Amino acid sequence: MTRILPEIAATALVIFSRFITAARAIWLGCAPENRRRVYFANHTSNGDFVLVWAVLPHRLRQKTRPVAASDYWLKSRLRAFIGQQVFRAVLINRIPEERTEDPVTQMAQALDAGDSLILFPEGRRNTGEDLLLPFKSGLYHLARMRPEVDLVPVWIENLNRVLPKGEVIPIPLICTVTFGAALHLAGGETKDAFLGRAAAALRALAATTERPRA
Amino acid sequence: MIAGTSAADLALLVGGLLAVLLAATGIGRMLQARYSPDGSNAVVENLNDRIRSWWIMVVLMGTALIGGHAGVTLLFAFCSFAALREVMTLQDIRRSDHWALLAAFFVALPAQYVLIYTEWYGLYSILIPVYAFLLIPIIAVLRGDTEGFLMRVAGVQWALMICVYCISHVPALLSLDIPGYEGRSVMLIAFLILVVQTSDVAQYVWGKLLGRTRISPDVSPSKTLEGLIGGALSAILIGVALSWITPFTPWQAGLLSFVIVMLGFLGGLVMSAIKRDRGVKDWGHLIAGHGGMTDRLDSVIFAAPIFFHLVRYGWSLT
C-alpha cells in the first residue's frame, strides 16, 4: 500500500519529463541490462537524474537509485517525499563536518542490496562554458571499494537549455541520453589517472551526440 | 460529432486506407523475405519502418476524425507542439530566451488552438503574425541580452509561424461553412492529408524507380524531376478520384491537388535547406523511418494555409 503513491508520482514525473523533452536513450557502449551499475553523468540541471531515470526501461528504473545531496532533498516535506519515496535517493551529506555516515560506504551498501546508482561526479551543477567540472573523488573510492561493478558513462544532452539554473518552468526541447561502454578501475591505477580516464570517456560520449552547428 | 452521410463516407475512406495499408504491409513483408531476410537491406528496412509508422498515423488520424471537431483540433495541437519542440531544439537558444519560449509554447500555441476550436477566424488569422510577432521581441528584450538578438527573435517567430500557425490551418478547415456540404468538412482534412501524403510517398517511389535529374542537389539530393512529375501526377489522380468526398468537381479537385502538391514540394525544399544549414539529416526521431514530426509534416505545413484560403474564398460562406 505505501508504495502506491510514490509509484503514481514516479510515473507522472516520467510522463511529464518525456512530454517536455521527448527523451531518447542511445545505448552506444552497453545494452540496457539488468546488472549492477553506477551510471555517472554530467550535471547541468536539476532535472538530470529524472531524465536518466525516465529513459531507463521500467524494470531497470525500479532498481536504480540516484545519489543526491541531503541538504537539498531534506529541505521541505515535498522534496523529502520525492527524494526518499519516489526516487529512493541515496542521500549523502555534502558537508564533511556534519556527516554521521561515510558517503562512499552508503553508496556501496546500496550496490550490495542489488541496486544500481546514478551519480554526478562533478558534485554540483555545471553552469559554465566548460563541458565538465573536475570530478570529485567519490567515483574513484567507490570503484576501489566495489571493483566488480560496471561504471557506465552517461552523457545528457540539452537539458541545460530546457531548465537553466534559476528558472522554474521548463521549455520543451528534445534531449538525448547516451550510454557509453563500462569502465573499471585498472590494477595500480592512481586516483588522478582514473578520474581523468572517466572524464575523458564522458567527453568522448559528448562528442558523439548530434547537435546543430553553432 | 459528425453527420450520418459523413460517417458512412468516413468509414468507406478509412476502410479503403486500411486495405491499402494491408497491401503495403504484405508487399513490404515479401520484399523483406526476398531482399533483406537478415535486415541488411537499408532501403527495404526503411520502407517497412515507414509502413509500420503509417499504421499508427492512419489509426490516429481515423480516431481524430471520428472524434470530430475536438479530436482533430487536439491531434493537430499536439502535432504543433511536437514540431515546435523539434524546430526550437535546432536553434541557438540562450538563457535569456527562456521567457520568450515559454510564451511561445504555453501561451501562443494553446491560444491559437482555442481560437481555432471556437472558430474565431478574425483573431486566429492574426494572433501569431501580429500579436505574437510583436510580443515575442518585447518579452525577449526585457531580459536585456542583445547578442544575436535579431536572429534569436526571428527564429522564435519563424518557428511559431511554421509549426503553429501553418499547421493550425488543417483543423481550421472544419470551420468552413460550405452550402450543401454541412457537417462534412472533416472530409476536407482527409482530402488535403491524402493528397499531400500520396504526393510524398509517390515522389519517393517514382524517385527510387526512375529518378535521374536532380532538381536541387545542394539542398535535397533525393528530390528528382522524375520523382516530382510521377508523384504529382499520382497525387492529382488520387485527388480527382477523391472528389466525391469534397465539394469540388473532379476538375477543381485536380487543380487544387496540383496547388497542394507544388506547395508541398517547395515547402519540403525550404525545410531541407534549414536542416542543411543546421547540419542535421532529420528534425527528430519521433516517427520510426520518417524522422521527426516536422519531417512528416513539412509538405502539409506549406500547403495547409493556402488550401484553406482557396477553399474559403471559393466555396465557403464564412
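Helices and strands here are DSSP runs, with helices of at least four residues (H or I) and strands of at least two (E), numbered from the N terminus. By that numbering, Ala22(A) falls in the loop between helix 1 (4-21) and strand 1 of chain A. The model is predicted. Chain A holds an open sheet of seven strands, chain B is divided into two domains, 1-66 and 68-315, and the largest nonpolar core has 140 residues.

**Sheet of chain A**

- The strand order is 1-7-6-2-5-3-4, with mixed pairing.
- Strand 1 (24-27) and strand 4 (90-92) of chain A are the edge strands; each has a single partner strand, so one side of each lacks a neighbour in the sheet.
- From one strand to the next, the twist averages 25 degrees.
- Strands of a sheet pair through backbone hydrogen bonds, in either a parallel or an antiparallel sense.
- Strand 1 and strand 7 (residues 176-179) of chain A run parallel and are joined by four bridges. Trp27(A) stands opposite Phe179(A) of strand 7.
- Strand 7 of chain A also pairs with strand 6 of chain A, in the antiparallel sense and over four bridges. Here Ile156(A) has Val177(A) in strand 7 as its bridge partner.
- Strand 2 (residues 37-41) of chain A runs parallel to strand 6 of chain A, and five bridges join them. Val38(A) is placed opposite Leu151(A) of strand 6.
- Strand 6 (residues 150-157) of chain A is largely enclosed by the rest of the structure, because seven of its eight residues are buried.

**Contact between chains A and B**

- Chain B contributes 19 residues to the contact and chain A contributes 15.
- On the side of chain B that touches chain A, helix 3 (68-89) and helix 4 (98-117) of chain B each supply at least two residues.
- Helix 3 of chain B gives the most to that side, with five residues.
- The residues on that side of chain B comprise nine nonpolar, five polar and five charged.

- Between domain 1 and domain 2 of chain B, the C-alpha centres lie 22 Å apart.
- In soluble globular proteins, nonpolar side chains tend to be buried together.
- In the largest nonpolar core, the residues with the most contacts inside the core are Val52(A), Ala198(A), Leu84(B), Ile167(B) and Leu192(B).
- Helix 8 (residues 186-210) of chain B provides the largest share of this core, 13 residues.
- Domain 1 (1-66) and domain 2 (68-315) of chain B each give the core at least three residues.
- Ile167(B), one of the residues with the most contacts inside the core, touches several residues beyond its neighbours within four places in sequence. These are Phe76(B), Cys79(B), Ser80(B), Ala83(B), Leu297(B), Ile301(B) and Ala304(B).

- Ala22(A) is not a glycine, yet its phi is positive, at about 45 degrees.
- Ala22(A) has 21 other C-beta atoms within 10 Å and counts as buried because the cut-off is 20 or more.
- Glu119(B), also a residue other than glycine, has a positive phi near 60 degrees. Glu119(B) is located in the loop between helix 4 and helix 5 (121-124) of chain B.
- Glu119(B) has 14 C-beta neighbours inside 10 Å and therefore counts as partly exposed.

Conventions. Residues numbered from 1 in each chain as written. Chains lettered and ligands numbered in written order. Predicted model: local features only at pLDDT ≥ 70, side-chain atom pairs only at ≥ 80, totals over all residues. Pairing = 2+ DSSP bridges. Axes fitted to C-alpha atoms, helices over the stretch in contact; angles between N-to-C directions. Buried ≥ 20, exposed ≤ 12 C-beta atoms within 10 Å, placed from the backbone. Contact = placed C-beta atoms within 7 Å. Nonpolar A, V, L, I, M, F, W, Y, C, P; charged D, E, K, R; others polar. Domains from an automatic or database assignment. Core = buried A, V, L, I, M, F, W, Y, C linked by C-beta atoms within 7 Å.
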